[in-house]
Amino acid sequence: MFDMITSRARLHAAWRRVRRNGAATGGDGETAAQFSARLDTRLDQLRAELRDGRYRPGPLRRVTLARPDGRTRTLRIPGLADRVAQTATQAVLAEHLDAWMSPESFGYRPGRSVDQALARLRTRARGQRYVLDADIHAFFDCVPHDQLLDELGIWIADRRVRALLGRWIARFGGRRGLAQGAPVSPLLANIFLHPLDATFACEGIDHVRYADDFVALARDRRQAQAARRLAAGVLARRGLALHPDKTAIRPLGEGLTFLGQRLFLAAGS
């Protein structure tokens, strides 16, 4: 797996993807023009550092974005070389791990989209009457690094890949949190939230998740309350919590907003 990540072809493909995504300057100040002017040299240097163990990620650039509701969102953007390495890693891991992830998880996965998540929700809503409309409180700021690193061993056998991920997680700072703006963060988020999907599936609770936003459907209020307790317990064991103001149980017929869309689903249909 590590050899695939660090192949010349994979790194070149990762650079093309970084460039398509805008190639914003990261924490080291290197611009896309500077990187592309010495592209072969930069990618060969990156490949050599990765393969001989000399690679160390650079600083992250903080960018604060305003949200429509008046709150802010902070991105932490790695340098271009780091984003190339992370993009190559994300692509290889997605190829190998995606088949093991829940069919009810739609965020940041190849071939999956918001529209597909909404379509699955409409399908799952048939015959249901209540919905648990949930949000994980400050998810990307709160993922505990030690627990995440321990669990990577379940998913990834290659120690070199785990070590590489560990360097990036350490660069995120502190003992908690994933950097929004780092290409590997969405994949790590899905890995860390997989036990929530698996627990709902084991208990027969229909749900749809897109990153840290999810809804669970229920025949009645009692089942919806059980789903909330179940989710709260799983998340607590993972150092996380449901957002108290953004998590609610309501009759399905009242409608809900999910992934930016206001939905009115016919209860019990």
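Tutor: What follows is a short talk about a sheet, some helices, one glutamate and the cysteines.

Student: What should I know about the model and its numbering?
Tutor: This is a predicted model, where local features need pLDDT of at least 70, side-chain atom pairs count only at pLDDT 80 or more, and totals for chains, interfaces and linings use all residues. Residues are numbered from 1 along each chain as its sequence is written, and side-chain values use heavy atoms, with hydrogens and water left out.

Student: OK, the sheet. What is the strand order?
Tutor: The order is β4-β5-β3-β6, in an open sheet of 4 strands with antiparallel pairing. Strands are DSSP runs of E, at least two residues, and helices are runs of H or I, at least four residues, numbered from the N terminus; two strands pair if DSSP finds at least two bridges between them.

Student: Which strands are at the edges?
Tutor: β4 (207-210) and β6 (248-251), each pairing on one side only. From one strand to the next, the twist averages 15°.

Student: How many bridges are there between β3 and β6?
Tutor: There are 4, in the antiparallel sense, with β3 covering residues 130-135. L132 has I249 in β6 as its bridge partner.

Student: Which strands does α11 touch?
Tutor: Helix α11 (residues 221-236) packs on the sheet and touches β3, β5 and β6, with its direction at about 160° to that of β6. Contact means heavy atoms within 4.5 Å. Angles run from 0 to 180 degrees between N-to-C directions, with axes fitted to C-alpha atoms, for helices over the stretch in contact.

Student: And α6?
Tutor: α6 lies across β4 and β5 (213-218), at about 165° to β4.

Student: New topic: E104. Where is it?
Tutor: E104 is in the loop between α5 (80-97) and α6 (114-124).

Student: Is E104 buried or exposed?
Tutor: E104 is buried, because its relative accessibility is 10%. Buried means under 20% relative accessible area, exposed over 50%, and partly exposed in between, with a 1.4 Å probe and protein chains only.

Student: What does E104 contact?
Tutor: Leaving aside neighbours within four places in sequence, E104 is in contact with R120, R124, H207, V208 and R209. Its side chain makes a polar contact with the side chain of R124 at 2.8 Å. A polar contact is a pair of N or O atoms within 3.5 Å; within protein, one must be able to donate a hydrogen and the other to accept it, and residues adjacent in sequence count only if both atoms are side-chain atoms.

Student: Last one: how many disulfides?
Tutor: The count is 0, taking a disulfide as a pair of cysteine sulfur atoms within 2.5 Å. C142 is partly exposed at 21% relative accessible area, while C202 is exposed at 69%.
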